[in-house]
Amino acid sequence: MAKRNEQMKLHTLGFPRIGTRRELKFALEQYWQGRISKQEFLQTGADIRRQNWAIQQQAGIELLPVGDFANYDHVLNTSLYLGIIPQRFARDSDSSDKLDLEFRIARGRAPTGCACAASDMTKWFNTNYHYIVPELSQQLDIRVDIQPLLEQIEEAKNLGHESKPVLLGPLSYLYLSAFEGDKLQLLPQLLAGYQQIFDKLNSARAGWLQIDEPILGLELDADWQKAFRQAYGELRQGSLKLLLTSYFASIDHHLDLIASLPLHGVHIDCVAEPTDIQLTIDMLPRHWVVSLGVIDGRNIWKSDLSALYQKLEPLYAQLNGRTWLAPSCSLLHCPVDLEQEDKLDPQIKSWLAFASQKCQELSLLKQALLTGDTAAIEQYSAPVKARLVSAQAVNTALRERIGSLTQVQRAEPYAVRKQKQQSLALPQLPTTTIGSFPQTAEIRRLRAAYKRKELSSEEYIQAMQQQIEDCIARQEEIGLDVLVHGEPERNDMVEYFADFLDGVTSTRYGWVQSYGSRCVKPPVIYGDITRKQAMTTDWLSYAQSLTDKPVKGMLTGPVTILCWSFVRDDLSREQVARQIALAVSDETEDLINAGIKIIQIDEPAIREGMPVKHSQWQQYLDWAVACFRLACARAPADVQIHSHMCYSEFNDILDAIIALDADVLTVETSRSNMVLLDAFKHKAYPNDIGPGVYDIHSPNVPDTGWITDLLKKALEVVPAERLWVNPDCGLKTRGWQETRAALTNMVTAAQQLRAELAK
Ligand SMILES: Nc1nc2c(c(=O)[nH]1)N[C@@H](CNc1ccc(C(=O)N[C@@H](CCC(=O)N[C@@H](CCC(=O)N[C@@H](CCC(=O)O)C(=O)O)C(=O)O)C(=O)O)cc1)CN2
Ligand code: MET
Ligand SMILES: [Zn+2]
């Protein structure tokens, strides 16, 4: 076979930044605690970058990303490049330390500088990654400083790498920001800032610039489309070569627009949605690079390289060297290295590829495309085919059970349930928490010791019971009305349940960044899901035996377990969610049989699970709501079902949230100042609701007056007999001292308000 054009380049859009063994997480936490110096912290970052580039280069990646790293978050980095800093973090007065300023914006405090309310944090598209929301004001006061980026470009160069800076594009940055008013008004000011960034990159002879515009996956209205033309038309690129990247959705609907922009190339996600590669090639100017994101950057399955080869081979000839290959999106959403997994079932392991392996997949694919020799990729992909026919994948009994379900939602309406639930004898404005209490060093130590078999199962159970006892006692002392067991036995609200489910496995080091130093280890759903045994009843019965107050059972809902796992790709997400819902409903029934009267089924991920495109929302919401309702279906009217959500905008999916029909919904609202409640001015939320009264992500303690004010705001739209008092979210990341202080203030606020209402 003739030797083909060798210009095809391999690149990635970004690599995980936490480090192979979560080095960044530990360095961050140590720096915040004052246990390492700024210098040591920054060195850890530099080490991770060096290692990431080495891993990628050794795997055969030719153009390495730089600027994909972040101490905390890449959107926050963009704000810092532009000097867009909220007023309250007064620029120079109390902290001239840029690193600490960064952490103060992100989390409200840092080793230097005063404590301040952190910026809002929200989900990055449909992922479990959170970004720091830029706060824009009419006068942007832009002061560009990309020194950190320039230094990293230099770092890469000194290591001998060919690199490609990565920058979040102006339109996506603007779209993702918070601003009261028409955001597009701010575009000219913002573009002036981007121009300065471009100029500086030009001076640094950056070459290619990866400019991320993931909002191109959305259906943008005419104003935003126009803004794209205006922005890219105006920006003077100099000798920069722009590679416009989008991901998490197809951009077929914007090809006309994109083709009209002055670019040098486009990257498309070929995995998230079916996309027409041929159409893309045909519609884009002949001289552009087309980067095909063919390896799934969001999931952990080994790619079927032979299938990809079949698809790409005919296109490759046409593209004639203008093709680049890449993962579909940044590998940020993937764990780093499968090789570390020493305890994983070998068969399951043979089905998987993490970030490092995905880079190697690109190399194998390129090699086959260049030489026409497919032996290596066929051998590589054999386990993929084995997975799809594996007996582990299908459970006929379960499928039959799902097919013949009759009770798919609760029998009685809210009004009837509310009446029957009077038996709980709760006061007006009942106080409660969201479930978890501080995961102390002691709790983690116990869990780790049990895992290493240094504690017997009896010893572990006893130790956890002691934690539960302590947690119940503290809640009684604080004076809360509805108690929780505190979740000490849970490493994570999803991973914990995954360990009780057949068809699901956990990894040992498969960590993915969720926000800042916080990581998650998403379980791997590879087969049909069934519950092995009761998952929570023993802990809950024990907790309830300790108190006369009601203890709320605590489950994670089907949509959230789905969204926060790596999900099999051979069955629809809807079908997988329904299997999980059935397992959760079995657990609900067990809790009820154990005498638990209030059960919370958390669904914090329901919003993030929505497809990027608005046109696909309703279909998703229909099955997501149905799965939640199935999980509650067997609860009789006198059992109170709570649900909880956080981290997102809910105003635009209010109908679906109402359709969940939980008796009580606790939601995050305080970090965004109860804006959620604005929606209720137009449409009343019909059931009970607890809008969070304080931000649990910050160690700062809210005072009683602040909480009272928020509750009064809530009372303007929610009648007192339906209002609950609770924090924004669970307290597992907090310490006991601040937790006790904050909850005491919360209970005091509720009591004062009750007294006022009684007058
Ligand atoms: N999955 C998920 N997604 C979510 C949330 C969530 O709770 N879960 N909440 C929202 C916010 N995200 C969050 C994500 C993570 C954490 C969090 O606290 N994560 C912990 C890890 C939790 C965990 O699994 N801990 C394990 C142990 C982890 C560990 O470090 N083990 C040691 C071993 C210890 C030893 O052997 O000595 C190790 O692996 O090195 C446990 O407690 O048992 C962390 O990053 O520190 C909080 C919020 C949105 N998305
Ligand atoms: C991210 S939502 C957390 C809900 C869980 N019950 C907790 O309190 O931690
Ligand atoms: Zn929450």
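Two strands pair if DSSP finds at least two bridges between them. Helices (H or I, at least four residues) and strands (E, at least two) are DSSP runs, numbered from the N terminus.

This is a predicted model: local features need pLDDT of at least 70, side-chain atom pairs count only at pLDDT 80 or more, and totals for chains, interfaces and linings use all residues. Residues are numbered from 1 along each chain as its sequence is written, while chains are lettered from A and ligands numbered from 1 in the order in which they are written.

**The sheet.** Select S11, S14 and S16. They form an open sheet of three strands, in the order S11-S14-S16, with mixed pairing. Strand S11 (501-505) and strand S16 (566-567) stand at the edges with a single partner strand each, so one side of each has no neighbour in the sheet. Now pick S14 (residues 524-531): two bridges join S14 to S16, and the two run parallel. Val524 stands opposite Phe566 in S16. Contact means C-beta atoms, placed from the backbone, within 7 Å.

**Leu24.** Go to helix H1, where Leu24 is found. Is Leu24 buried or exposed? Leu24 is buried, with 25 other C-beta atoms within 10 Å. (Buried means 20 or more such atoms within 10 Å, exposed 12 or fewer, partly exposed in between; C-beta atoms are placed from the backbone.)

**Arg22.** Select Arg22, in the loop between strand S1 (9-10) and helix H1 (23-32). Arg22 is partly exposed, with 18 other C-beta atoms within 10 Å. Not counting residues up to four places away in sequence, Arg22 touches Trp511 and Cys519.

Methods: Contact = placed C-beta atoms within 7 Å.
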